[in-house]
Structure formats: structure tokens, C-alpha cells
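I opened this notebook to record what I looked up in one structure. The entries follow the order of my reading.

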Amino acid sequence: MAHTAMSGSGTTAGDDPLQTAIWRLRSRACWADAAALLQPHSAEASLQRASLLVERCLYTEQGWAEAEDALRTAEALAQSDDERGAAACERGQLAYASTLLSVRDRADEARAALGRAAALIAPGAPGRALLDFRRGLLAENLARAPQAARAAYRRAHAGATAQDDQLLMSFTWRHLAGLALREGELAEARHGFAESLRIREELGYLVGTAPALASLADAESEPEASRLRAEAGRLFRLLGGVPTWLAAQLAPPAATA
């Protein structure tokens with residue numbers, strides 16, 4: 001299962017106290033509480049608020065109407081190309097999530113929105129790496145085009161590395177590792193999954209740690225695989241069953257006669 005990346009400040013000492021509070025809530029699956037700290041009076045705040053609520057949809061399969069409302073506000077307040085591009089990127093992510101989770105097929109809307117974002121966000125701009133990552137998600141999970149997905153993930157990884165965007169790097173590592181695992185490249189997959197897990201633990205990204213543990217388990221042999229899945233299950237239950245889509249991955253294999 002693919003999921004979103006949304007990077008921001010608040011992860012290191014000395015950051016703005018508001019962003020630190022938002023990060024702590026977000027990392028513990030409290031997206032609505034984090035969004036409530038932001039007053040959508042500016043393009044920047046409205047975009048961040050929308051991105052939090054879009055992320056909640058993908059992790060919880062709930063809150064679609066609130067995310068749509070926040071996104072419309074962000075679109076209305078956006079003035080620069082970068083702001084309009086960021087809003088289009090969130091629009092594409094919300095449509096992607098709706099399609100992926102079988103809420104409503106919005107694949108065409110997702111492709112159009114991310115294409116619009118690509119026309120507005122210049123190569124090398126801060127939002128380009130996240131856009132590349134999300135275009136990779138579409139290629140991998142909707143278009144079933146792993147080669148195109150790998151190219152997009154690599155562009156995103158290079159951009160995230162250049163910007164020292166650790167959170168986004170945790171996502172690009174994980175998805176590149178997923179493609180490697182599918183092709184039987186176990187050593188490459190283990191390395192990527194381990195790097196993703198390391199970054200998320202260092203950042204305190206609790207809601208993303210259980211998926212990282214489960215992914216690494218898929219590339220490990222026993223008994224390590226079972227240990228990793230057990231730890232992922234503990235965190236999953238601690239967060240009240242979030243992300244919802246992880247339940248199927250953590251379910252024990254069906255008994256055979």
C-alpha cells in the first residue's frame with residue numbers, strides 16, 4: 001500500500017513552536033487537531049491545513065468532505081505559481097487517495113491535477129520533489145508502470161536529498177525498496193526499508209513507523225520477520241488501527257488444512 005508524504009518543519013530543536021506542535025500531533029495520527037492549530041487566512045497556512053487533512057484521508061479513509069473544503073480554501077487563496085502548484089499537488093493526492101482506497105474513481109482528476117502542478121512548480125523548486133514522488137505513486141499504483149514509477153521516485157529522492165528533506169527521503173527509500181522487492185532484489189530492498197525505518201524512528205514519525213516495520217518484515221527471513229510484524233502490530237494498535245490499510249498486511253496467514 002502506498003501512502004503520502006508531506007514534509008515540513010517542526011522536526012528539529014529550534015523550530016517554530018507552532019510547527020513543532022503540529023508535527024507532534026501529525027506524527028501521532030492527530031491530523032484534525034494539528035489542522036485546528038492553523039488559521040487559514042494565508043495561502044501558506046491554508047495549504048498546510050489542506051495537506052494535513054488530505055493525509056488524514058489516506059491513513060484513516062475518513063474526513064473526505066473536510067479535506068475538500070480545506071483544499072478549496074487553499075486553491076482560492078493561492079496567488080503565486082508555486083502556491084497554485086502546491087494546491088494542485090494536494091488536489092491530485094486527494095483524488096489519488098480516493099481512487100486507491102476505492103472510495104470513488106478519480107484517477108483522471110489525479111493525473112490532470114498533478115500534470116497541472118508539474119506545469120506550475122519549476123524544476124528545483126522546493127515542492128518539486130514531493131510532486132515527483134506523488135507522480136511515482138500514480139505510475140506504480142494506478143497506471144501499473146513500475147519503470148516510470150522508479151524514475152519518478154529517483155527524481156524525488158534526489159530532490160529530497162538535495163533539500164535534506166528527511167521525511168520525504170523515508171518515503172522514497174521505502175517505495176524504491178518496494179519495487180526492488182517485487183523484482184527479487186532482496187539486499188537492495190532490505191537496505192531501502194531499513195533506511196526508511198531509521199529515518200522515521202529518528203524523526204519520531206510514529207504513524208509511519210508501523211508501515212516501515214511491516215515493509216522491512218516482508219524482506220526479512222524468520223524469526224526476524226515475525227518480530228518486526230509483532231512490533232508493527234503493537235504500534236498499529238497503539239494508534240487505534242491507523243493506518244487502516246495496514247490491517248490486511250499484519251493479518252496472520254490463513255490456516256491451511
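**Basis.** I note that this is a predicted model, in which local features need pLDDT of at least 70, side-chain atom pairs count only at pLDDT 80 or more, and totals for chains, interfaces and linings use all residues. Residues are numbered from 1 along each chain as its sequence is written, and side-chain values use heavy atoms, without hydrogens and water.

**Confidence.** I looked up pLDDT, the predictor's confidence in each residue, from 0 to 100. The chain averages 92, and 92% of the residues score at least 70. Over residues 1-8 pLDDT stays under 50. Where pLDDT is low, the predicted coordinates should not be read in detail.

**Gln-48.** I located Gln-48 in helix H3 (residues 43-60); helices are DSSP runs of H or I, at least four residues, numbered from the N terminus. Gln-48 counts as buried because its relative accessibility is 19%, the cut-off being under 20% relative accessible area with a 1.4 Å probe, protein chains only.

**H3 and H5.** I then examined helix H5 (residues 81-100), whose axis comes within 10 Å of that of H3 and crosses it at roughly 10°. Axes are lines fitted to C-alpha atoms over the stretch in contact, with angles from 0 to 180 degrees between N-to-C directions. H3 is therefore roughly parallel to H5, a term for angles under 35 degrees. In contact (heavy atoms within 4.5 Å), residues of H3 including Leu-47 and Val-54 meet residues of H5, among them Ala-87 and Leu-94.

Note on methods. Helices (H or I, at least four residues) and strands (E, at least two) are DSSP runs, numbered from the N terminus. Buried means under 20% relative accessible area, exposed over 50%, partly exposed in between (1.4 Å probe, protein chains only). Angles under 35 degrees count as roughly parallel, over 145 as roughly antiparallel, 65 to 115 as roughly perpendicular and the rest as oblique.
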